[in-house]
Every structure is written in structure tokens, then in C-alpha cells.
Amino acid sequence: VIYASFKYGSAQRFERGRLFTNLNEEKLSGLVATLRPNLKLSHWVTQDTRPERNNEKWINAILKIQG
């Protein structure tokens, strides 16, 4: 079982010398499809809980190998 969380969106960006990859449902599903055919994906979107970032969203995912 793997848990992952990505900032919600569809672009990559550089910030302070670091590369960040944002994902939405479509991009997350496409990424998972390239990994392994028998992965079960569960995902949900949450709001950032930090007061100064309450307008930002995150996509959370749980991946589990089936079979």
C-alpha cells in the first residue's frame, strides 16, 4: 500500500531551486496506469489546513496492488 499527496493542478513548476509536480484526477490516473496494470487507485481532494493557504487544494491517493 502506498499513500501519496500532490498539490492539486496540472502543471510543473520550479520554486527556490526545487521541481514540483501538481496532479489532478486525470493526470493521477494516467500516471498510475503507466506503473502497473493491477494497481487499485483510491483518491480524494482536500483543502489545505494552513490558514494562509486555505485556497489551495491537495489530491490524496492510496495505491494498492490487487491480486
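Tutor: Ile-62 counts as partly exposed, at 32% relative accessibility.

Student: How do I read that label?

Tutor: Buried means under 20% relative accessible area, exposed means over 50%, and partly exposed lies in between (1.4 Å probe, protein chains only). This is a predicted model, where local features need pLDDT of at least 70 and side-chain atom pairs need 80 or more, while totals for chains, interfaces and linings use all residues. Residues are numbered from 1 along each chain as its sequence is written, and side-chain values use heavy atoms, leaving out hydrogens and water.

Student: What share of the residues is buried?

Tutor: The protein has 67 residues, and 18% of them are buried.

Student: What box do the C-alpha atoms fill?

Tutor: Along the principal axes, roughly 45 × 25 × 20 Å.

Student: How do I read contacts in the protein?

Tutor: A contact means heavy atoms within 4.5 Å. Take the contacts with a separation of 6 or more: 39% of them join residues 24 or more positions apart.

Student: Which residues make the nonpolar surface patch?

Tutor: Patches use residues with over 30% relative accessible area and no salt bridge; nonpolar side chains (Val, Leu, Ile, Met, Phe, Trp, Tyr) are joined within 5 Å, like charges within 9 Å. In this model, Val-1, Tyr-3, Trp-44 and Ile-62 form a nonpolar patch of about 440 Å². Accessible areas come from the Shrake-Rupley method with a 1.4 Å probe; for residues, only the protein chains shown count as cover. The protein exposes about 5100 Å², with carbon and sulfur atoms supplying 54% of that area.

Student: How many positive and negative side chains are there?

Tutor: Lys and Arg count as positive, Asp and Glu as negative; His and the chain ends are not counted. Each charge is placed at NZ of Lys, CZ of Arg, CG of Asp or CD of Glu. The protein has 11 positive and 6 negative side chains. The centres of the two sets lie 7 Å apart.

Student: How many salt bridges does a search of the whole structure find?

Tutor: Look for a side-chain nitrogen of Lys or Arg within 4 Å of a carboxyl oxygen of Asp or Glu. The search finds three. One of them pairs Lys-7 with Glu-56, at 2.9 Å from N to O. Lys-7 sits in strand S1 (residues 2-7) and Glu-56 in the loop between S4 (39-47) and S5, so this bridge ties together parts 49 residues apart in sequence. Lys-7 is buried at 18%, while Glu-56 is partly exposed at 22%.

Student: Where are the other bridges?

Tutor: Glu-15 and Arg-13 meet at 2.9 Å, N to O. Glu-15 is partly exposed at 32%, and Arg-13 is partly exposed at 23%. Asp-48 and Arg-50 meet at 2.6 Å, N to O. Asp-48 is buried at 7%, whereas Arg-50 is partly exposed at 32%.

Student: What is phi of Arg-16 near?

Tutor: Phi of Arg-16 is near 50°, a positive value in a residue other than glycine. Find Arg-16 in the loop between strands S2 (12-15) and S3 (18-21).

Student: Is Arg-16 buried or exposed?

Tutor: Arg-16 counts as exposed, at 76% relative accessibility.

Methods: Helix = DSSP H or I, 4+ residues; strand = E, 2+ residues; numbered from the N terminus.
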